[in-house]
Amino acid sequence: MGADDETLNHLKQVELLILKDFIDICEENNLEYYLWFGTEIGAVRHQGFIPWDDDIDVVIFREDYEKFLKIMEEKNWDKYTVLDCRYDEEYFFQFGRLSLNGTYWSEFWDKYVSFKLGMHVDLFILDKVPKNKIKRFLFMRLCLIFCKMQAMSVIKFDEGSKIVKTIVNVSHSVFNVVGLTPKFFQKRLTNFLRRYENDNSEFYADLTMNEQPYFKITDFKPSKKVKFENLDVSIANNQEATLGQIFGDYMQLPPEEDRVAHILNEIDFGKY
């Protein structure tokens, strides 16, 4: 279901609370983060949420993301759960989520996993990729293929087109027979994505993206401060190289039929 205006506004307020807590943790521990995807567009085009948007995305370099995980492990904060595939083999995404405990956000895949996703901020990761053009091309596409294989090792589809359902469900069965189980991918895939972290390359990528863009560190650093609703937030230094490469003319509003939010089966705000 799509959220009505009242629910959407409530959702945005809870997500701002989560974002503020995340920013506080980053600033207290000298971690650098950047708004990402539609959230970054919202910051530069609307000084806040895109009006029809219903989630918050940030991106963080791998080194700082790993530090963030350790900080949250030591903090042992019962307000939040950090979702990462290394904590739960059924979490089939190669990016993290800061999930607010006591809330619930159900998407189509919810029934295939045992963990529950709350209201959250998505934590995308920038990994280093090879300097050599051919090696970079091959590595990035292998990473994307392996990410999709990880997802198919966890879930089956009973919705969508017959072709997609057949491919995913047959792959799911074959993977589990030959040992490509969620447990197989749990640490191996993350380690594979980090393969070039000690390389001298200047290029980075969010290796979960279908579009497969890559960036220079100077596209992000030093960050810029802008307003996002009532918060001062960090965005990448170069919007043409980040947003422009992904979305094209990001300052142009999309057609009305494309102004859509997530389809949520169920949401629960708990005490928030």
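1. Asp232 is partly exposed because its relative accessible area is 47%, where partly exposed lies between buried (under 20%) and exposed (over 50%), using a 1.4 Å probe and the protein chains only. Lys227 also counts as partly exposed, at 41% relative accessibility. The side chains of Asp232 and Lys227 meet in a salt bridge, 3.2 Å from N to O (a side-chain nitrogen of Lys or Arg within 4 Å of a carboxyl oxygen of Asp or Glu).

2. The model is predicted, so local features need pLDDT of at least 70 and side-chain atom pairs count only at pLDDT 80 or more, while totals for chains, interfaces and linings use all residues. Residues are numbered from 1 along each chain as its sequence is written, and side-chain values use heavy atoms, with hydrogens and water left out.

3. The structure holds 15 salt bridges. One of them joins Asp24 to Lys20, with the closest N and O atoms 3.1 Å apart. The two residues sit four apart in helix H1 (residues 5-28), so about one helical turn separates Asp24 from Lys20. Helices (H or I, at least four residues) and strands (E, at least two) are DSSP runs, numbered from the N terminus. Asp24 is partly exposed at 27% relative accessibility, and Lys20 is partly exposed at 42%.

4. Where does the pair of Asp122 and Arg97 lie, buried or exposed? Asp122 is buried, with 6% relative accessibility, and Arg97 is buried, with 5%. These two residues form a salt bridge whose closest N and O atoms are 2.7 Å apart. Asp122 belongs to strand S6 and Arg97 to strand S4 (residues 96-100), so the pair ties together parts that are 25 residues apart in sequence.

5. A network of salt bridges links Arg62, Glu66, Asp84, Arg86, Asp127, Arg194 and Glu197. Among these, Arg62, Asp84 and Arg86 also line the largest cavity.

6. There is one cavity of 30 Å³ or more, and the largest cavity holds about 30 Å³ of space. On a 1 Å grid over the protein atoms alone, a cavity is a set of points where a 1.4 Å probe fits but cannot get out, and a pocket is an open set with protein on both sides within 12 Å along at least five of seven lines; lining residues have an atom within 4 Å of a point. A volume is the space filled by probe spheres set on the points.

7. Ile125 lies in strand S6 and is buried, because its relative accessible area is 4%. The C-alpha atoms of Ile125 and Leu193 are 10 Å apart, although 68 residues separate the two along the chain.

8. The largest pocket contains about 1300 Å³ of space. Its lining has 43 residues, with Phe37, Phe95, Phe124, Asn210 and His262 nearest the centre. Helix H2 (37-46), strand S6 (120-129), helix H4 (133-154) and helix H7 (243-247) each give two or more residues to this lining. H4 provides the largest share, six residues.

9. The second largest pocket has a volume of about 260 Å³. It is lined by 13 residues, and Phe61, Arg62, Glu63, Asp64 and Tyr204 lie nearest its centre. Helix H3 (62-75) and S6 each supply at least two lining residues. H3 gives the most, with three residues.
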